[in-house]
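The structure is shown first.

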Amino acid sequence: MSDTALYDIPGPLARRRHRLYGLVSTVVILGLVAWVVYLLFDTHQFTAEKWRPFTYVGIQELLLRGLGNTLKAFAYAAVLSLVLGGVLATGRLSAHRPVRWLATLLVEFFRAMPVLVMIFFVFVALKVQPMPALVTGLTLYNGSVLAEVFRTGVNSVERGQREAAYSLGMRKTQVMTYVLVPQALRAMLPTIISQLVVALKDTSLGFLITYEEFLHAGKLIASNLDYGLPFIPVVMIISPIYIGMCMILSWLATFAARRQRRSPKTEAVEVAAAEPGTLLPGAGTH
Amino acid sequence: MNVLTDNFSLYGKGLLGTVELTVYASLLALVVGFLMASFRVAPVGSLRVFGTVWVTVLRNTPLTLLFFAVLLGLPRFGVVLPFQLFAVLALGCYTSAFICEAVRSGINTVPTGQGEAARSLGMTFGQTLGAIVLPQAFRSVIPPVGSTLIALAKNSAIAGSFSVTELLGTYKTLNELGYSIIWTFIWIAVGYLIVTLTISAVFNVLEKRWGVPR
């Protein structure tokens with residue numbers, strides 16, 4: 001039942017009608033799925049020849065190595081962007097105006113640039129290896145978005161907390177490290193994890209600069225003439241793994257959000273999700 | 001500086017490609033996103049499930065993988081279309097999932113009384129949604145939809161690597177012609193800033209005109 005009361009609790013007649021609609025739409029959706037499956041069979045995607053490569057250990061290892069490289073790039077990018085985000089957020093919350101301006105400039109610039117342009121710039125113009133180029137691009141972008149998340153988090157801790165801490169005679173650094181940041185971090189955990197999902201998804205951009213990640217391994221197998229160009233089988237194997245990884249991480253974010261809604265430790269923080277790459281005032285950041 | 005003046009037509013073509021991709025994909029994303037959002041709040045169970053699956057899968061798909069599957073995969077089904085159309089399809093469907101979520105949370109911001117009043121006037125689900133709730137939800141989703149479309153404009157850079165004419169792709173030609181690579185990228189960056197700042201300005205105007213006063 002929707003909480004905006006878009007429809008009433010259906011009576012017997014309406015329930016019969018809804019069942020009819022449900023039946024019709026299910027048939028239509030199943031028809032579409034069946035059509036796709038028919039096309040797959042029609043274009044000979046399920047022949048043994050096209051699926052045979054996946055029985056070879058060498059090819060399985062190739063895929064696993066690709067997956068490992070994807071996860072490696074993700075791990076580096078995640079850790080580094082958390083660090084960069086922390087540094088930039090500290091800069092934006094600094095009491096010194098020049099530091100604040102510089103940090104704001106960096107954050108706004110890196111959030112406004114397509115992450116792929118940054119990756120290509122590092123890769124082509126600075127002639128860096130694919131892996132560091134990918135990690136650099138991801139770090140700059142996600143780091144700036146995370147900086148904004150951290151800053152919003154710290155600013156949304158209830159004012160009384162800050163005032164109480166100052167009135168106890170704490171210094172600004174102490175107020176930050178002992179009072180505001182711990183509460184903000186806990187409250188911002190779901191948003192931080194969601195941003196890490198973005199980082200994980202964007203590691204696939206490494207494919208475009210010939211980094212030997214998961215998609216790259218798939219492309220190698222797919223363009224093999226010996227097995228009749230098994231492109232669709234490759235997509236069928238790669239996408240569930242990729243999407244599954246991202247779903248697990250997204251689910252973790254939802255789980256954290258649900259947990260903290262019950263937790264008394266985040267009561268003082270009004271959680272507002274920070275939108276990545278927002279240029280609009282008032283959207284997400286308050 | 002002369003990187004820009006010497007290759008003005010090349011940059012212009014790239015910028016135009018990016019703008020075209022962004023506009024068409026935005027339209028597709030908005031239409032599909034609104035449709036999926038209404039599916040997700042519909043009284044019919046199978047439509048709700050369809051909407052939920054659509055959003056969950058597309059939100060967790062890397063866009064490069066989607067491009068890979070659509071631009072290189074669909075031709076194997078015998079679906080042969082221009083690459084630009086494929087790119088619009090991939091970008092539009094991907095972004096529609098985010099639009100759908102924005103619209104759905106917008107629907108939730110409309111006070112319950114509005115829907116109840118519409119129901120008590122005897123309006124059907126379609127009328128309640130279309131004439132009462134969505135127009136009001138529209139006002140509060142202007143900022144999130146704006147930032148989603150900015151993200152779309154930035155994501156369109158991926159299309160360039162799949163041989164679609166757009167801004168980032170121009171670097172290849174200029175690199176071969178031997179121009180300063182740093183300046184090439186600076187002008188590309190300026191081009192993207194123009195596109196994203198324009199979208200941002202448009203949505204600021206919309207927000208001023210129709211947005212919910214905060």
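A:Asn224 counts as partly exposed because it has 15 C-beta neighbours inside 10 Å; a residue is buried if 20 or more other C-beta atoms lie within 10 Å of its own, exposed if 12 or fewer, and partly exposed in between, with C-beta atoms placed from the backbone. The model is predicted: local features need pLDDT of at least 70, side-chain atom pairs count only at pLDDT 80 or more, and totals for chains, interfaces and linings use all residues. Residues are numbered from 1 along each chain as its sequence is written, while chains are lettered from A and ligands numbered from 1 in the order in which they are written.

The loop between helix 9 (214-222) and helix 10 (231-262) of chain A holds A:Asn224. Helices (H or I, at least four residues) and strands (E, at least two) are DSSP runs, numbered from the N terminus. The C-alpha atom of A:Asn224 is separated by 11 Å from that of A:Ile59, although the two are 165 residues apart along the chain.

Chain B comprises eleven helices and zero strands. Of its 214 residues, 47% are buried. Its C-alpha atoms fill a box of roughly 70 × 45 × 25 Å along the principal axes.

An unreviewed UniProt entry lists "transmembrane region" for residues 15-37, 49-74, 80-100 and 181-206 of chain B; positions follow the numbering used here, feature names are shortened, and annotations may be inferred rather than shown by experiment. Two of these segments are tabulated below.

| Chain B segment | Helix | Strand | End C-alpha separation |
|---|---|---|---|
| Residues 15-37 | 100% helix | 0% strand | 32 Å |
| Residues 49-74 | 85% helix | 0% strand | 25 Å |
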